[in-house]
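Subject: Structure handover

Hello,

Here is the structure for you to look through. My notes on its salt bridges follow below.

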Amino acid sequence: MAASQAAFAAEKAIGHGDNSVTAQDVTNYGGENGRRETMKALCWMGKNTVEMHDVPRPKILEPNDVILKVTGTTVCGSDLHLLHGTVVQLNKGDILGHEFCGIVDEVGSNVTKVQKGKRYVASFQIACGECFQCRQKLSSQCEKTNANTTQRAMYGGRTAGMFGYSHFTGGFAGGQAEYVRVPLGDVNLLEIPEDVPDEKALYLSDVLATSYNAVHDTAVYPGDQVAIWGAGPIGQMAGIHAIQAGASKIIFIDTEPRLSFIRTHWPSRHADKLELVDYKKLSHGVTNKPTVVSKLKELCGGRGPDAAIECAAGEYAKGWLHWLEMLTGAETDTSEILNEMIEGVREFGRCGITGVYVGYTNHFNVGTLMERGIRLIGNGQAPVHKYWEDLLKMIQKGDLDPLQMVSHRVRVEDLDKVYYKFEKKEDMMQKVFVETKFSLPACAGSPALTTY
C-alpha cells in the first residue's frame, strides 16, 4: 500500500495536466462528493486487501453527470492487478469496478440523451466524444478525461479515464457498488433494449469489446490457426470471435481449472477446432525439453500458428529470474509470454497483446521479432464505443451469447469474498454476474445465485 500511495502523492506534488474536461480523483464519494445516504461498495484497502463498506452515495457533481442504480456488475482479471498492487496510485477507500449496468436515477442539467428510469450499460472508459480520438470512435484513448502526469511521462501519452482503476487513469469511483456516478453520461452510456437482459448487456462494458478488439486488431483471417494465452473470460471470448472470423484452429494455453472450463463450454459444433495446452506440464525458457513453443510448432505443421493473442498479463512470472527482477523493481512485467508468442508463431506471424502490461520488461527476444518478421501489436485498452453497438446487435440476433462464460451469480454483499475466490480460481469461477438490491429477476440461462 505504501508504494501505491507514495506514487499518488508524487503525482499530486507534480500536479495534473490541464487537458481534462471532467473532475479528476473522485474515487469515492466522501465529503462534498456525496450524499448523507449510504450504499454498499467494494473498496481497496491496501495491497491484497479489498473490503465491502457502507459509504456515501454519489451525487451530481457536474452538469453532464448521470447517477446509475447499479443492477449488474462483475469482477475482471484486470481487477486482480489492482488487488495485487501492480497498478499504482491507489488510495485506501477507493471504490473499484469498471464493468457495470443499471437504471438511471438522476441526470445532470446538460444531459439530453440519457433518460431517467431507463436501463443503460457503461463503457469502462470515460470519453469526451469530441476529441481527435473520440471522433474516430477510439474512445479508450480519449484525450480529455485523464490528466495524470505520471502516465504521460511513462507512456508518452495518456489513455482515457477509466472507472475504478486508480488515479493513474484519472481517479474515478467504480461500479462495484449500489450506485455510481457516470461523468459525461450522454457519451458513455448505451441504452439496453427490452429484449436484452442485464446478464447479457453488462458484458458490453468491457469483456466482449476487449476480446473482439483483440481478434480484429491483431487480424485473424479465414483459415488461420490462432494461439491464445489465458483461458479466462477474455481469452474464452477471443476464441469465440476468432472462430466467427473463420479461424480453423484455436489453441488455448493455460492450466487447470480453466482448460476444463473451456473444454466443457466450447461450442460443440467447433469441437474439432479446439486444442488445449497445459503450460504447467511443459518447460520454459532456453531448454531442450518440450515447451509451449515446441508444442505450438507440433500442433501447427512445424511452423507455428498464424496469430497469437495474449489475454493473460505481464505480472505472472514463470521463472525465478523474472520473479526476482519484478520483486526488486528491476522490471514491472515479465516478458516470458511475449517471448513464447513471438518465438511460437510462424514467420511473419502476428502477435497481439491484450493482457495488461504496466511498464517495462527485460530479456525480450527482439532478435526473433526482427529476423523472422514478426508483427507485435499492442491491442491497447479496447475502444468500447467502436464496437458496442455492433456487439449488441449480435446478442439480439442470437449470434453471440455472453452467458457461455458466466459461471456464477453472486450478491454485491459478498463481493470481497468473491475477489479472493476468483483470484484462486476456486469453484471453477470464470466470470460472475453480481446482483444488487436493484437487480431485475434473473434471466433464462443465468446461473443460480451463490451466497458466501
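Please keep in mind that this is a predicted model.

Arginine 181 sits in strand 9 (residues 179-182), while aspartate 65 sits in the loop between strand 2 and strand 3 (66-73), so the pair ties together parts that are 116 residues apart in sequence. The pair also belongs to a network of salt bridges that links Glu62, Asp65 and Arg181.

Next, look at arginine 57. Its salt-bridge partner is aspartate 105, and their closest N and O atoms are 3.9 Å apart. Arginine 57 is in strand 2 (residues 49-58) and aspartate 105 is in strand 5 (residues 100-107), so this bridge ties together parts that are 48 residues apart in sequence. Both arginine 57 and aspartate 105 are buried.

The last pair is lysine 417 and aspartate 414. Their side chains meet in a salt bridge, at 3.9 Å from N to O. Aspartate 414 has a relative accessible area of 2%, under the 20% cut-off, so it counts as buried.

As for the total, the structure holds 18 salt bridges. The pairs above are among them.

Best wishes

How values were computed:
Residues numbered from 1 in each chain as written. Predicted model: local features only at pLDDT ≥ 70, side-chain atom pairs only at ≥ 80, totals over all residues. Heavy atoms only, no water. Salt bridge = Lys/Arg side-chain N within 4 Å of Asp/Glu carboxyl O. Helix = DSSP H or I, 4+ residues; strand = E, 2+ residues; numbered from the N terminus. Buried < 20%, exposed > 50% of the residue type's maximum accessible area, 1.4 Å probe, protein only.
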